[in-house]
Amino acid sequence: QRRADKLERLLPPDNKIITAPVRSGQLVVAERGDLTVVGSVTSGAELVAGGSIHVYGRMRGRAKAGAYGDESARIFCGRLEAELLAIAGLYKTNETFREGLSGRNVHVFLEDETLKMEVLA
């Protein structure tokens, strides 16, 4: 098992691009790389990536970047309406998002072990 884990870490990133809307109940995973969605993510859908997540559209579901502990992972949302956002296990739910972020183009990242959210111009 340990040998398989070591080999897995040596594999190149496996980035995934989704060009259709991600619907409620769907789970999309990019284990060894970034996940890009060109479209919207509806409420009840979930995105998981070992790297960063990019959503070029409305983000209503859940997004978990850095799923295996990558603290440099980031989340980019074209229009933030997410239920939950997480990076490397640290998360925020929509009830705890700072006022003024809803519906905006947002960048989410870790800084000093805190999940930060910024509006992108």
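His107 lies in strand S10, which covers residues 106-111, and in this predicted model His107 counts as buried because its relative accessible area is 10%, where buried means under 20%. Although His107 and Glu118 are 11 residues apart along the chain, their C-alpha atoms are separated by 5.2 Å. Glu118 is also one of the residues that His107 touches, and, leaving aside residues up to four places away in sequence, the others are Arg74, Ile75, Phe76, Lys116, Met117 and Leu120.

Leu85 belongs to the largest nonpolar core, which has 28 residues, and together with Leu47, Ile53, Ile75 and Leu80 it is listed as touching the most other members.

From the core the reader can turn to charged side chains. A search of the whole structure finds 6 salt bridges, and one of them brings together the side chains of Arg62 and Glu46, at 3.5 Å from N to O. This pair links distant parts of the chain, since Arg62 is in strand S6 (residues 62-65) and Glu46 is in strand S4, 16 residues apart. Arg62 counts as partly exposed because its relative accessibility is 24%, whereas Glu46, at 17%, counts as buried.

Arg62 has a further partner in Glu83, with the closest N and O atoms of that salt bridge 3.0 Å apart. Here too distant parts of the chain are linked, with Glu83 in the loop between S7 and S8, and Arg62 in strand S6, 21 residues apart. Glu83 is partly exposed, with a relative accessible area of 21%, and salt bridges that share partners join Glu46, Arg62, Lys64 and Glu83 into one network.

Another salt bridge is formed by Arg60 and Glu81, whose closest N and O atoms are 2.9 Å apart. Arg60 sits in the loop between strand S5 (53-59) and S6, while Glu81 sits in the loop between strand S7 (75-80) and strand S8 (84-87). Both are partly exposed, Arg60 with a relative accessible area of 35% and Glu81 with one of 23%.

Val38 is located in the loop between strand S3 (35-37) and strand S4 (46-49), and its relative accessibility of 44% is why Val38 counts as partly exposed.

How values were computed. Residues numbered from 1 in each chain as written. Predicted model: local features only at pLDDT ≥ 70, side-chain atom pairs only at ≥ 80, totals over all residues. Heavy atoms only, no water. Core = buried A, V, L, I, M, F, W, Y, C linked by side-chain atoms within 4.5 Å. Buried < 20%, exposed > 50% of the residue type's maximum accessible area, 1.4 Å probe, protein only. Helix = DSSP H or I, 4+ residues; strand = E, 2+ residues; numbered from the N terminus. Contact = heavy atoms within 4.5 Å. Salt bridge = Lys/Arg side-chain N within 4 Å of Asp/Glu carboxyl O.
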